[in-house]
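Here is a short note for a reader who is new to this entry. Please keep the model open while going through the points.

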2 protein chains.
Amino acid sequence: MSKPRAVILLSGGLDSATVLAIARSQGFDCYALSFDYGQRHKAELDACRRIASDLGAVEHRVLSIGLGEFGGSALTDLDLAVPDKQEPGIPITYVPARNTVFLSLALGYAEVIGAWDIFIGVNAVDYSGYPDCRPAFIKAFEQMANVATKAAVEGEEQLHVRAPLMDLSKADIIRMGARLGVDYGLTVSCYQADEAGRACGICDSCRLRAEGFRAARIADPTPYQKKNTKS
Amino acid sequence: MSKPRAVILLSGGLDSATVLAIARSQGFDCYALSFDYGQRHKAELDACRRIASDLGAVEHRVLSIGLGEFGGSALTDLDLAVPDKQEPGIPITYVPARNTVFLSLALGYAEVIGAWDIFIGVNAVDYSGYPDCRPAFIKAFEQMANVATKAAVEGEEQLHVRAPLMDLSKADIIRMGARLGVDYGLTVSCYQADEAGRACGICDSCRLRAEGFRAARIADPTPYQKKNTKS
């Protein structure tokens with residue numbers, strides 16, 4: 001009997017790599033989906049390819065979308081500096097409707113390959129500033145998805161959006177991934193990694209990641225840049 | 001006082017051109033959004049540009065997305081023939097999750113420009129075979145959008161997805177557009193238009209369009225190919 005299929009949104013970071021390992025451990029054939037949307041660095045796309053291969057994804061697709069053309073985010077607008085510290089409220093690194101767009105494309109992919117499960121590495125604890133990382137958003141997207149596609153309307157199954165990291169701390173995520181064999185040295189979390197994928201060690205994402213390894217009492221395999229590029 | 005802004009999904013066809021005219025007539029500054037997603041012909045993108053200009057859109061953006069890479073539709077897969085006649089059920093010309101993807105990108109655009117209204121030319125009468133053209137889908141998307149974005153979560157407004165053609169016949173749409181000054185000679189509905197935008201006159205979309213002009217008792221300005229390319 002063939003395994004059920006799942007689409008896994010893969011960003012190249014620590015969280016989505018863990019999600020891929022979780023989906024595999026739950027018995028899914030994993031179809032990884034990444035996006036080239038005008039992000040500052042391509043290091044994370046290289047990381048996606050390494051992770052998908054290392055964790056046995058059946059297929060890995062990289063879709064190009066012109067999301068950066070809208071502007072409005074430090075992650076795609078090179079004129080905005082990436083902030084070193086987390087400010088209250090919604091971070092400047094927010095990309096408009098990013099998870100909505102990514103899940104929508106995952107939904108199309110799921111329909112084409114006949115998958116009923118979409119996995120996404122959102123986490124309400126660390127990213128409480130992003131509206132599209134909250135349980136209410138995931139639930140609302142799932143409800144929409146079940147009236148949106150040919151498969152959901154004609155089929156006997158329901159589409160599920162799985163967010164297995166939602167209530168986990170960064171340390172919890174790292175411990176789980178380590179048990180499932182994730183090589184975190186392959187992952188890139190840094191907002192301003194260099195071309196080789198080495199982290200700055202300064203930005204908010206780097207800080208959360210380093211704290212996670214310390215709290216999990218697991219050695220941090222992150223390659224850091226020798227000279228920090230703090231501006 | 002400045003006008004409120006609205007995002008208009010513009011495909012180059014008769015319906016979305018009418019929607020743009022409707023939004024303008026309702027007092028919105030119109031920001032048109034079109035997609036290059038691997039469709040068979042670029043004629044419709046040329047049509048989008050002419051329509052946006054002719055109907056006074058404040059801005060027109062064309063976003064590239066790799067939707068065609070998924071395959072599974074006659075509109076993006078050149079190995080599948082476009083059917084001449086409408087079959088019962090969901091048409092082969094269905095693109096997986098297309099309106100979900102398009103509305104998601106419109107949502108990102110709306111957030112960046114500060115718009116609370118997104119207009120889409122879906123129509124339950126003519127396209128009853130597409131799940132993502134039904135009122136239930138539009139409503140579910142709107143509910144999702146209102147928990148998805150920084151603007152909706154922080155703002156005092158609610159986001160609205162407007163589908164003003166939902167219950168209109170093709171003839172009703174054409175009569176309304178004609179009253180609002182739409183030049184339908186600029187629009188391309190045909191699934192297999194040639195590079196100059198001339199219609200085949202055979203496909204399902206051409207048939208519906210021609211019937212609409214006849215029923216509306218308005219002269220059909222569609223440029224047709226002299227020699228039909230029926231395969």
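This is a predicted model: local features need pLDDT of at least 70, side-chain atom pairs count only at pLDDT 80 or more; totals for chains, interfaces and linings use all residues.

1. A:S11 sits in the loop between β1 and α1 of chain A. Leaving aside residues up to four places away in sequence, A:S11 touches A:S16, A:S34, A:E44 and A:C48.

2. Next, A:L10. This residue is also placed in the loop between β1 (5-9) and α1 (14-25) of chain A. A:L10 has 31 C-beta neighbours inside 10 Å, so it counts as buried. Its contacts, again without residues up to four places away in sequence, are A:S16, A:L20, A:A32, A:L33, A:S34, A:C48, A:I51 and A:A52. A:S16 and A:C48 are listed for A:L10, and both are listed for A:S11.

3. The record has an entry for this stretch. UniProt, in an unreviewed entry, gives the feature "binding site" for A:L10, A:S11, A:G12, A:G13, A:L14, A:D15, A:S16, A:A17, A:T18, A:V19 and A:L20.

4. Where else does UniProt place the feature "binding site"? The unreviewed entry also puts it at A:C190, A:C200, A:C203 and A:C206. These positions spread over 17 residues of sequence, yet they cluster in space. The largest C-alpha distance among them is 7.1 Å.

5. A:C200 is in the loop between α6 and α7 of chain A. A:C203 is in the loop between α6 and α7 of chain A as well. A:C200 has 20 C-beta neighbours inside 10 Å and therefore counts as buried. A:C203 is buried too, with 23 other C-beta atoms within 10 Å.

6. A:G197 belongs to the loop between α6 and α7 of chain A. With 21 C-beta neighbours inside 10 Å, A:G197 counts as buried. A:G197 touches A:A43, A:D46, A:A47, A:V188 and A:P223, residues up to four places away in sequence not being counted. A:G181 is 16 residues from A:G197 along the chain, and their C-alpha atoms are separated by 21 Å.

7. Now the helices on either side of that loop. Helix α6 (residues 170-179) and helix α7 (residues 204-216) of chain A pack at an angle of about 65°, and their axes are 8 Å apart. An angle of 65 to 115 degrees counts as roughly perpendicular, so α6(A) and α7(A) are described that way. Their crossing is right-handed. From α6(A), the contact uses A:K170, A:A171, A:I173, A:I174 and A:R175. From α7(A) come A:L208, A:R209, A:E211, A:G212, A:F213, A:A215 and A:A216. By class, the residues of this contact are seven nonpolar, one polar and four charged.

8. Last, the contact between the chains. How many residues does each chain give? Chain A supplies 37 residues and chain B supplies 36 residues. On the side of chain A that touches chain B, β3 (59-64), α3 (98-113), α4 (135-148) and α5 (150-154) each provide at least two residues. The largest share, nine residues, comes from α3(A). This side of chain A has 22 nonpolar, nine polar and six charged residues.

How values were computed: Residues are numbered from 1 along each chain as its sequence is written. Chains are lettered from A and ligands numbered from 1 in the order in which they are written. Axes are lines fitted to C-alpha atoms, for helices over the stretch in contact, and angles run from 0 to 180 degrees between N-to-C directions. Helices (H or I, at least four residues) and strands (E, at least two) are DSSP runs, numbered from the N terminus. Angles under 35 degrees count as roughly parallel, over 145 as roughly antiparallel, 65 to 115 as roughly perpendicular and the rest as oblique. A crossing is left-handed if the near helix is turned anticlockwise from the far one by less than a right angle, and right-handed if clockwise. Two residues are in contact if their C-beta atoms, placed from the backbone, lie within 7 Å. Ala, Val, Leu, Ile, Met, Phe, Trp, Tyr, Cys and Pro count as nonpolar, Asp, Glu, Lys and Arg as charged, and the others, Gly among them, as polar. UniProt positions are given in the numbering used here, feature names are shortened, and annotations may be inferred rather than shown by experiment. A residue is buried if 20 or more other C-beta atoms lie within 10 Å of its own, exposed if 12 or fewer, and partly exposed in between; C-beta atoms are placed from the backbone.
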